[in-house]
Structures are given as C-alpha cells and as structure tokens.
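Here is a short briefing on one chain. Please read it alongside the sequence and the coordinates.

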Amino acid sequence: MELHMRSHHFTHRRPDWRAAIMAGVVFLVLELVLATLIPGGSPWASPRMLASILLGRGVLHAPATFEAGIMVAALVVHFVLAIVFALILSLIVVRFSFDSSAGMASLVGAVFGLAMYLLSFYGMTRFFPWFAEARNWVSVVSHLMFGVVVADAYLRLERKDAHSGDAGFTGVF
C-alpha cells in the first residue's frame with residue numbers, strides 16, 4: 001500500500017451528496033427486505049424506530065404497520081442522517097487518501113459502517129433506549145453495506161466527474 005503524503009486531491013475535491021442518497025436508498029431497501037427474514041419481524045419496525053427520533057417513543061407502541069406520517073418522518077430522519085454520515089465518510093476517505101483503490105475505499109466504508117452501527121445501537125441507547133431492541137444481524141449488515149456503498153459510490157462518481165470534466169454540484173454548500 002502506498003501512502004500519498006502530498007495528495008493533490010484534497011483541495012480540489014468535496015464530498016458528494018449523491019453518494020449519500022444512493023447509499024441511503026440501498027440501506028432502506030435492505031432494512032425493509034431483510035427485516036422480513038427475522039422471525040416475527042416487520043419491514044415497518046425500522047422506519048418506526050427512525051421516526052421515534054423525531055416523534056417520540058409513542059410511535060413504537062402501535063403495531064409495526066405502514067402509516068404515511070410515520071414513514072415521512074422516518075424518511076426525513078433517515079436521509080438527513082445518511083447525508084451527514086456519508087459526508088463524514090467521504091471527508092475521511094479524501095483526507096487520508098483511502099480512495100487510492102476500490103478495495104481500500106470499500107474496507108474503510110465497511111469499518112465506518114460498523115462504527116455507525118456501534119454508535120447507533122450502543123452509544124445512542126443512552127438517549128433512545130429502545131434502539132437496543134434492534135441489535136441484530138439485519139442492522140449490522142445494513143450499516144456495513146451503507147458504508148461500502150457510500151465509499152464506492154463516492155469513488156465512482158469522482159472518477160466519472162474527473163473523466164467528463166464536469167464536477168457539477170458535489171457539495172452541500
């Protein structure tokens with residue numbers, strides 16, 4: 001592995017919010033589909049848990065069924081968090097030149113995803129104790145895949161933009 005001490009990329013690159021949206025969609029689909037594989041699991045349990053951050057614990061007491069208002073709140077929370085975490089990951093990837101290869105970017109993304117899982121389901125239980133109930137393999141897999149998809153999408157989008165000569169709008173500001 002080669003370490004680039006004078007990366008020329010840092011000053012010219014910014015985090016790409018498109019990677020966050022892609023990874024957020026993949027995460028959401030994985031959570032909804034894989035939740036059905038858990039005995040007694042519901043695809044609507046995870047959105048309700050996300051909505052509880054905004055709406056309070058009361059949304060968890062109802063059966064885990066689809067409700068439009070709860071889903072909207074869940075999507076808002078989900079994509080805000082996806083964008084924030086993806087921007088953090090892309091800054092890490094860029095700053096430490098982990099984008100030197102797809103394999104390195106994927107590994108860093110997976111480690112970041114695992115760190116997100118630990119923060120969400122162990123660290124945040126101080127504020128949201130009901131998150132402990134979602135400590136399962138579905139959550140681990142979804143978070144790992146989120147990190148990998150963000151890192152890989154960021155890398156691919158960056159290369160695509162570099163080849164086309166059009167950086168487009170890649171930052172949030």
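The axes of helix α1 (residues 17-34) and helix α3 (residues 68-95) come within 9 Å and cross at roughly 130°. That places the angle between the 115 and 145 degree cut-offs, so α1 and α3 are oblique to each other. The model is a predicted one.

**The crossing of α1 and α3**

- The two helices, α1 and α3, cross with right-handed geometry.
- On the α1 side, the contact is made by Ala20, Ile21, Gly24, Val25, Phe27 and Leu28.
- On the α3 side, Leu75, His78, Phe79, Ala82, Ile83 and Ala86 make the contact.
- By residue class, the contact of α1 with α3 has ten nonpolar residues, two polar and no charged.

**Val84 in α3**

- Val84 is a residue of helix α3.
- Its relative accessibility is 41%, so Val84 counts as partly exposed.
- Val84 and Ala20 are 64 residues apart along the chain. Their C-alpha atoms are separated by 8.2 Å.

**Helix α2 and what covers it**

- Helix α2 spans residues 45-55.
- Its buried residues are Ser46, Pro47, Arg48, Met49, Leu50, Ala51 and Ser52.
- The cover over the buried residues of α2 includes α1, α3 and α4 (102-123).
- Just after α2, Gly56 has a positive phi of about 95°.

**Ser52 in α2**

- Ser52 sits in helix α2.
- With a relative accessibility of 2%, Ser52 counts as buried because the cut-off is under 20%.
- Which residues does Ser52 contact, leaving aside its neighbours within four places in sequence? They are Arg57, Val59, Leu60, Trp130 and Phe131.
- Two of these contacts, Trp130 and Phe131, are also members of an aromatic cluster.

**Aromatic pairs**

- A pair of aromatic rings is described by the distance of the centres and the angle of the planes.
- How many aromatic pairs does a search of the whole structure find? The search finds ten.
- One of them joins Phe121 and Phe131, with ring centres 6.1 Å apart and planes at 40°, so the pair is tilted.
- Phe121 lies in helix α4, and Phe131 lies in the loop between α4 and α5 (137-164), so the pair ties together parts that are ten residues apart in sequence.
- Phe121 is buried, with a relative accessible area of 8%.
- Phe131 is buried too, with a relative accessible area of 7%.
- Phe128 and Trp130 form an edge-to-face pair. Their rings are 5.6 Å centre to centre, with 70° between the planes.
- Are Phe128 and Trp130 buried or exposed? Both are buried.
- One aromatic cluster is formed by Tyr117, Phe121, Tyr122, Phe128, Trp130 and Phe131.

**The chain as a whole**

- Which elements does the chain have? It has five helices and zero strands.
- From the N terminus on, the order of elements is α-α-α-α-α.
- The chain has 173 residues, and buried residues make up 43% of them.
- Among contacts in the chain with a separation of 6 or more, 69% come from residues 24 or more positions apart.

Note on methods
Residues are numbered from 1 along each chain as its sequence is written. This is a predicted model: local features need pLDDT of at least 70, side-chain atom pairs count only at pLDDT 80 or more; totals for chains, interfaces and linings use all residues. Side-chain values use heavy atoms; hydrogens and water are left out. Axes are lines fitted to C-alpha atoms, for helices over the stretch in contact, and angles run from 0 to 180 degrees between N-to-C directions. Helices (H or I, at least four residues) and strands (E, at least two) are DSSP runs, numbered from the N terminus. Angles under 35 degrees count as roughly parallel, over 145 as roughly antiparallel, 65 to 115 as roughly perpendicular and the rest as oblique. A crossing is left-handed if the near helix is turned anticlockwise from the far one by less than a right angle, and right-handed if clockwise. Contact means heavy atoms within 4.5 Å. Ala, Val, Leu, Ile, Met, Phe, Trp, Tyr, Cys and Pro count as nonpolar, Asp, Glu, Lys and Arg as charged, and the others, Gly among them, as polar. Buried means under 20% relative accessible area, exposed over 50%, partly exposed in between (1.4 Å probe, protein chains only). Rings of Phe, Tyr and Trp (its six-membered ring) pair if their centres lie within 6.5 Å; planes under 30 degrees apart count as stacked, over 60 as edge-to-face and the rest as tilted.
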